[in-house]
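Hello,

Here is the structure I promised to pass on. My notes follow below it.

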Amino acid sequence: MSTVTTGLARGAWTSRAGFILAAAGSAIGLGNIWRFPTTAGEYGGGAFVLVYLGFVLLVGIPVLLAELSVGRATERNPVGAFKALVPGSWWPAVGALGVLTGFGILSFYSVIAGWTLGYLWLAVTGAFSGALSSEESGAIFQQLVGNPLLPTLLALAFLVLTALIVRGGISGGIERASRILMPAFFVILLILTVRAVTLPGAGKGLEFLFTPDFSEIHIQVVANALGQALFSLSLGMGAMITYGSYLQKRESLPIVGFSVALFDTLIALMGGVLIFSALAFAGAESTTSGPGLVFVALPTIFHTLPFGTGFAIAFYALLAIAALTSTISLLEVIVSYLVDQRGWARARATWGMALACAVLSIPSALSLGGSPFFTRFVGEVSFLDLMNIVWGNYSLSLGAMAICLFVGWKWGVRNALAEIQAEGNRFALAPLWSFLVRFVCPLGVAAVLAYIIFNRQYF
Ligand code: PHE
């Protein structure tokens with residue numbers, strides 16, 4: 001059995017380009033422009049980037065295909081998908097973990113996304129029109145994020161925007177928005193990146209990002225690279241199961257999957273190049289970083305461009321939109337679960353969950369000075385960092401491992417391949433993919449998690 005139909009009237013993507021853009025919209029977001037440079041900065045630069053690229057190829061792309069095949073075969077949300085394929089087993093718990101993880105990620109993601117709205121406002125008011133030193137830029141950042149109220153309100157605003165689109169359903173809201181906005185984001189990013197690498201000093205930043213120092217590779221570099229590869233491709237929590245469930249049978253999952261992975265990785269690398277060139281130009285130390293890295297680095301280069309303020313406005317507007325296409329996919333996982341499995345009305349599920357998430361976002365919003373308690377929640381680790389590590393690294397890793405075990409050993413690669421090769425679609429790398437999903441991915445992820453648990457090196 002490789003195909004199950006739900007009998008529920010569900011939306012579908014109207015075209016392949018529409019789907020690729022929407023799935024790429026889920027993948028491309030703050031993970032590329034904020035999380036990738038921040039994590040690379042914290043964990044050794046070039047060494048991290050190298051391990052990250054390895055994980056994208058060996059774990060990310062195989063898991064992406066696995067998720068898309070489960071989604072399209074069942075046309076259901078993550079919990080319903082497992083239920084349909086193996087009724088009466090505990091496998092749906094993997095889907096449930098995914099729904100929970102989506103909630104956890106959305107709660108802190110919306111805070112960072114809220115900062116982009118704050119920065120958009122700062123750009124509009126001309127705050128970045130003149131030359132700024134990295135200290136001045138840092139002060140602007142701290143003033144925004146250290147405010148006890150503003151970050152919470154901005155996160156709430158962002159969740160409301162997300163809910164408005166998710167409320168509209170699949171091709172109406174999500175697809176239409178992605179089609180126009182993702183290409184625009186790419187163009188602005190490209191212009192900024194080209195400008196950044198041609199600034200004096202940029203070479204030092206590039207060196208940091210692309211010269212791996214192998215002595216830097218320790219378990220936290222590996223664990224974070226794995227988490228980042230999954231986070232950036234929206235894997236390990238069923239987002240791609242959900243998106244795959246709206247995909248038509250005639251589409252080639254390998255083509256779709258590779259395209260999404262390629263775009264996503266390219267944009268992460270561009271984000272890294274942009275940020276570290278800007279940092280080097282501003283004379284800041286690459287390795288002293290934190291969640292503010294991107295927000296401090298970028299404003300120092302806008303004045304070097306003609307129409308700098310215009311660029312700043314366009315960049316923050318489009319970054320907010322890139323984040324929005326990601327938060328949409330996070331909320332969509334939760335909503336499709338409640339609608340399909342629990343029979344909630346779409347509007348109720350959307351608004352109820354967005355508001356619940358807004359409440360959980362408060363401690364994260366207070367994590368950069370707003371409240372000393374949440375700023376140093378566990379030792380030096382803030383509540384926001386904790387959420388980021390627990391949901392963004394560990395929960396996604398666990399979920400990805402479970403999905404590989406499921407597709408590799410329970411549902412079986414044969415069924416998955418029948419779905420991937422449906423309607424005459426070709427997949428030349430099928431044997432390699434099967435090997436990766438059955439052995440390399442689950443064992444690799446298990447080894448990383450086991451090492452961390454045995455050595456208690458959680459952060
Ligand atoms: N991939 C998104 C980003 O890079 C974040 C995300 C993670 C979205 C997991 C959905 C699921 O910003």
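Helices α18 and α19 cross in a right-handed sense. This is a predicted model. Helix α18 covers residues 413-420 and helix α19 residues 430-455. Their axes lie 11 Å apart, at an angle of about 135 degrees. On the α18 side, the contact is made by Val413, Ala416, Leu417 and Ile420. Ala430, Trp433, Ser434 and Arg438 contribute from α19. By class, that contact has six nonpolar residues, one polar and one charged.

Next, α3 and α10. Helix α3 (residues 46-74) packs on helix α10 (residues 219-232) at about 50 degrees, with the axes 8 Å apart. That makes this pair oblique. The crossing of α3 and α10 is right-handed. From α3, the contact takes in Phe48, Val51, Tyr52, Phe55, Val56 and Val59. Residues of α10 in the contact include Val221, Val222, Asn224, Ala225 and Leu226. The contact of α3 with α10 has 12 nonpolar residues, three polar and no charged ones.

Last, one residue. Is threonine 162 buried or exposed? Its relative accessible area is 0%, and buried means under 20%, so threonine 162 is buried. Threonine 162 sits in helix α7, residues 150-167. Its side chain reaches the backbone oxygen of phenylalanine 158 at 2.9 Å. Leaving aside neighbours within four places in sequence, threonine 162 is in contact with Leu324, Thr327, Ile328 and Leu331.

Best wishes

Terms used:
Residues are numbered from 1 along each chain as its sequence is written. This is a predicted model: local features need pLDDT of at least 70, side-chain atom pairs count only at pLDDT 80 or more; totals for chains, interfaces and linings use all residues. Side-chain values use heavy atoms; hydrogens and water are left out. Helices (H or I, at least four residues) and strands (E, at least two) are DSSP runs, numbered from the N terminus. Buried means under 20% relative accessible area, exposed over 50%, partly exposed in between (1.4 Å probe, protein chains only). A polar contact is a pair of N or O atoms within 3.5 Å; within protein, one must be able to donate a hydrogen and the other to accept it, and residues adjacent in sequence count only if both atoms are side-chain atoms. Contact means heavy atoms within 4.5 Å. Axes are lines fitted to C-alpha atoms, for helices over the stretch in contact, and angles run from 0 to 180 degrees between N-to-C directions. Angles under 35 degrees count as roughly parallel, over 145 as roughly antiparallel, 65 to 115 as roughly perpendicular and the rest as oblique. A crossing is left-handed if the near helix is turned anticlockwise from the far one by less than a right angle, and right-handed if clockwise. Ala, Val, Leu, Ile, Met, Phe, Trp, Tyr, Cys and Pro count as nonpolar, Asp, Glu, Lys and Arg as charged, and the others, Gly among them, as polar.
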